[in-house]
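This report covers an annotated domain, a set of salt bridges and the accessibility of selected residues. The sequence and the structure come first.

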Amino acid sequence: MSWFTRKDKGIQTPTEAKREAPDGLWYKCPDCGKIMHTREHKLLAYTCSNCNYHERIGSQEYFELLFDDTLYTELDAKMSSGDPLHFTDTKAYPDRIRATEKKTGLKDAVRTGHGKVNGRDLVVACMDFGFIGGSMGSVVGEKIARAMDYSLAHRIPFLMISKSGGARMMEAGFSLMQMAKTSAKIALLDKAGIPYISLLTDPTTGGVTASFAMLGDFNISEPGALIGFAGPRVIRETIGKDLPKGFQSAEFVQEHGFLDFIVDRKELKDRLASLLDIIWKG
Amino acid sequence: MRTLLDFERPIAELEARIEEMKRLAAEKDLDVSSATAVLEEQLIDLKKETFRNLTRWQRVQLSRHPDRPYSLDYIQRICDDFIEIHGDRQVGDDKAIVGGFAKIDGRPVMIIGQQKGRNTKDRQFRNFGMPNPEGYRKALRLMKMAEKFGVPVISLIDTPGAYPGLEAEERGQGEAIARNLREMFVLQVPVICVVIGEGASGGALGIAIGDQVLMLENTWYSVISPESCSSILWRSWDYKEQAAEALKLTASDMMGNGLVDGIIPEPLGGAHLDYDAASEILKAEILLQLDKLEAIPAERRIDQRIEKFSGMGVFVE
């Protein structure tokens, strides 16, 4: 009589197998409160139709937005973290990794892929903020470095989409050296004359800003993105004063001469293609 | 007046006892040499014992010891004719980074170092050894000049971090450090980096890309200070000792993980007890490394520099 009495306790359906619940049909803009249908929100590249607020999105969404027909070859998809330091804070590092993998369905905080953007070859590395704050450990550094090697070997322009709180503490010294490693590869791209475009998205701070994110031939961003080296809280504590409005926003950073341009996400793909069309004969 | 760390206190007490005994003996014209010899032997044993078993946090304390030699203390002792060069040619002269041409044992070098201050006024003047973007840009300008004149670069690292200030952000702290990383990889001249005190994160790395990256025995080098790590991961400042353990930030940890190339010993008890001896050891090591590095053709040296850093990282495939 098992169809009358429940044999297994609790809800067994994994999240991805669940039917879309009605409340997932609507998106409420956290900035202006505008309510939009999620389909419309997706069509607008996850920006608000009222105030143009750019919602934070992950590598999957960027790949869908950028690559023609969402076709791309993912590079080093299986790489995942080791635990070189046996790091334990309130939780052991490997447990934190496994839990985050399970929660996000990702292997680490960056994915890399090769595909076509309006018919032009492009290698893209895109960070996922959902994976331990998009922090950079060995896997992030190595995947970016290898994707850059791939760019070098095939002479394909490189796009880096950064979204990160900085280096990953749980890999300490190893994390720090990823800043060096990625910068070394950028020196090689530079020497080989291959374009390197760095898109800094909300938020990009710490060791990521202080390495590959600021080293683009073109440093570009999206409206309103937070970009900085030190986080706003740390700066506030250091200087003991409130920060001016708009401090460390993409517009602020452009005004101070560190961004080439800010692009609306809805126009990102076409703008990248136009830029490559002018500078790259490859 | 010497500043004593907790674990230095028993040593200082024993030292004081020996001094007192010698003073009394001299006053009363007695021979106590055999008794003091025993105590002096004990003193050496105590020092060895204490310094063999230092915890990671104690190493951090030593690296920040108020009496510890700073960049200019070493530069004065190991260089002849130090000609300090100021400014980044853009906005100013950062006092937290010093640098200039000099000769070591007759050999021309460009020597650059992060500089802390000794007293309150001096500490403020040096911004506590926390460089602004213009400091990193000055360092790069000096390195490029060294490259132009074919002179090797020596970089001394000692910083609690790049300055997290408002103007530092406006002037592109992240960009300044990032550019140094990229440019240091392709410098045509040999680059030797030595962590002489604190090596905090990107602020340290910004002048620490080299053919040889060395650490003095009682220094630390990591992605974050133990205090900040504690405040972020444990949400309290009280776990700094645990954080220091977890970060594996000492010279021997970093060496064991293949993240630095060598450890330079300090005089027993730490560099702060004998500036001259510490400088002699550092100087000898720099000269040795210069000999080795200058024997390698520039292009190969650059390739090796890039390959070394490219190999750092632990992951599973």
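## Accessibility of a helix residue

A residue counts as buried under 20% relative accessible area, as exposed over 50%, and as partly exposed in between. The model discussed here is predicted. B:Ala16 has a relative accessible area of 44% and is therefore partly exposed.

B:Ala16 belongs to helix H1 of chain B, which covers residues 9-28. Between the C-alpha atoms of B:Ala16 and B:Arg68 the separation is 21 Å, and the two residues are 52 apart along the chain.

## Annotated domain in chain A

For chain A, the unreviewed UniProt entry carries the annotation "domain: CoA carboxyltransferase N-terminal" over residues 25-282.

Over all chains, the structure holds 44 salt bridges. One of them pairs A:Glu222 with A:Arg265, with 2.9 Å between the closest N and O atoms. This pair links distant parts of the chain, 43 residues apart. A:Glu222 sits in the loop between strand E9 (218-221) and helix H7 (232-239) of chain A, while A:Arg265 sits in the loop between strand E10 (261-262) and helix H9 (268-279).

Are these two partners buried or exposed? Both A:Glu222 and A:Arg265 are buried.

## Salt bridges in chain B

B:Glu175 and B:Arg179 form a salt bridge whose closest N and O atoms are 2.7 Å apart. Both residues lie in helix H8 of chain B (residues 173-185), where a spacing of 4 residues places them about one turn of the helix apart.

The accessibility of each partner can be given in turn. B:Glu175 counts as buried because its relative accessibility is 9%. B:Arg179 has a relative accessibility of 34%, so it counts as partly exposed.

A further salt bridge joins the side chains of B:Glu183 and B:Arg182, at 3.2 Å from N to O. Here B:Glu183 and B:Arg182 are both buried.

Which residues are joined into one network by salt bridges that share partners? They are A:Asp76, A:Glu142, A:Arg146 and A:Lys181 from chain A, together with B:Glu317 from chain B.

Note on methods:
Residues are numbered from 1 along each chain as its sequence is written. Chains are lettered from A and ligands numbered from 1 in the order in which they are written. This is a predicted model: local features need pLDDT of at least 70, side-chain atom pairs count only at pLDDT 80 or more; totals for chains, interfaces and linings use all residues. Side-chain values use heavy atoms; hydrogens and water are left out. UniProt positions are given in the numbering used here, feature names are shortened, and annotations may be inferred rather than shown by experiment. A salt bridge is a side-chain nitrogen of Lys or Arg within 4 Å of a carboxyl oxygen of Asp or Glu. Helices (H or I, at least four residues) and strands (E, at least two) are DSSP runs, numbered from the N terminus. Buried means under 20% relative accessible area, exposed over 50%, partly exposed in between (1.4 Å probe, protein chains only).
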